[in-house]
Amino acid sequence: DGTEAFRRARDAWAKGAQRDGARRLLALAAKAGWRAEELAGDRPPTPAAWKRELSVEARAEDLAFVAAAARYAVERELRVARDDASALEAALERGFPRGHVLVIAAGKVDSNLPLAKRLLAAGRRMTFAIQRGGKWGDGPVVLGPVLEALLAGTGKSCDGGAEAKLGELVGDDARTLASELGKLVAYLGERACISAADVEAVVTRAAADPFFALGNAVEARDLAGAMAVLDRSLEDGVSPFLVLATLASTVRRLVVERERARKLVGERRLGSAREYEALVFPHIPEAEVGKRQPYGFWMKYQAAQRYRRDELLRGLRDLADADLGMKTGALERPLLERALWRLLGTAGEREEQS
């Protein structure tokens, strides 16, 4: 899991454990064939390269950490930590006795890693993950088939409300889902159908919002959704400063997309992805595009058009004020809520609440 490994390296560095953070970073970078000298050089890997090679979403502040940790590693001649997959690689090299089967279970599999490629070439991958709906797999979890299998033989079933509530509280964690269903079956007694009220009474929320959920809500200009994600994130212990950074990154991207199109076509709103690809996409720097497709940029452009230019610029100013306030002792939640409300709310909503 490149994202988790990168987060641990960055967190260790931020807490002052610079040697540990730098070693973790070098171990991760080595999986993509990158050395400390390359990370600290004049042409380090781009965000697109981090995403392509290691599935890491690297932001501007992340690249600053990479550069600092790499320079630290070069100055102290740090070596890459031993890869914990070395024993498995050695076993694959030796081979297994006839009639033996090796089963490897992993929560996530990055098919770009050399070890994963070798395993996939030698055997077969079987996916048991809970699926998500939506065109891009970004919709709610689809629990129906899993619930049916887990409840088989118990004489119990789930209604639609219970299924939706379980998806909200548990998400796609199959182990937690199985555990919570066991509690629900015992709680139900003689009743045959699990309801949303039963789930509310028994199940504790374990699902965390994906890191992009808040950004998606801002892009959709969904005030209620953004406030809900903010509330859940803070309850889950997510750092308010990470929330602020996510918001700032999202709003900056919307400003960039709006201004990029405005410089080329003025305030006229482009009506189709084809028109955007013809008029705007050719002017985006190649380094920024990387292997990304025009449609992704078009979607960001559409999100930016849900805001006026002055609203986005005011949003950046509000986030800067929130940053200053949070760093000088003010309560984080009210500052973040105010910034979201002023950015996402309509003029009528803002006037009603003031």
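Helix H19 buries Leu336, Ala339, Leu340, Arg342, Leu343 and Leu344, where buried means under 20% relative accessible area, exposed over 50% and partly exposed in between (1.4 Å probe, protein chains only). The model is predicted: local features need pLDDT of at least 70, side-chain atom pairs count only at pLDDT 80 or more, and totals for chains, interfaces and linings use all residues. Residues are numbered from 1 along each chain as its sequence is written, and side-chain values use heavy atoms, with hydrogens and water left out.

- The 13 residues of H19 should span 18 Å at 1.5 Å a residue, and its end C-alpha atoms are 18 Å apart, which agrees; the expected span is 1.5 Å times one less than the number of residues.
- Helices (H or I, at least four residues) are DSSP runs numbered from the N terminus.
- The axes of H18 (residues 309-327) and H19 (residues 332-344) cross at roughly 175° and come within 9 Å; axes are lines fitted to C-alpha atoms over the stretch in contact, and angles run from 0 to 180 degrees between N-to-C directions.
- H18 and H19 are therefore roughly antiparallel, a term for angles over 145 degrees, whereas 65 to 115 counts as roughly perpendicular, under 35 as roughly parallel and the rest as oblique.
- Residues in contact (heavy atoms within 4.5 Å) include Asp318 and Leu319 of H18 and Arg342 and Leu343 of H19.
- By class, this H18-H19 contact has eight nonpolar, two polar and seven charged residues.

**Packing of H2 and H5**

- Helix H2 (residues 18-30) packs with helix H5 (residues 60-76) at an angle of about 100°, their axes 9 Å apart.
- That angle makes H2 roughly perpendicular to H5.
- Among the residues making the contact are Ala22, Leu25 and Leu26 of H2 and Phe65, Val66 and Tyr72 of H5.

**Salt bridges**

- The whole structure holds 30 salt bridges, each a side-chain nitrogen of Lys or Arg within 4 Å of a carboxyl oxygen of Asp or Glu.
- Asp318 pairs with Arg342, their closest N and O atoms being 2.6 Å apart.
- This pair links distant parts of the chain, with Asp318 in H18 and Arg342 in H19, 24 residues apart.
- Asp318 counts as buried at 3% relative accessibility, and Arg342 counts as buried at 18%.
- Lys183 and Glu180 form a salt bridge (3.3 Å, N to O); both lie in helix H10 (residues 174-188), three residues apart, about one turn of the helix.
- Lys183 is partly exposed at 42% relative accessibility, whereas Glu180 is buried at 7%.
- A network of salt bridges links Glu4, Arg7, Arg8 and Asp11.

Conventions
Helix = DSSP H or I, 4+ residues; strand = E, 2+ residues; numbered from the N terminus. Nonpolar A, V, L, I, M, F, W, Y, C, P; charged D, E, K, R; others polar.
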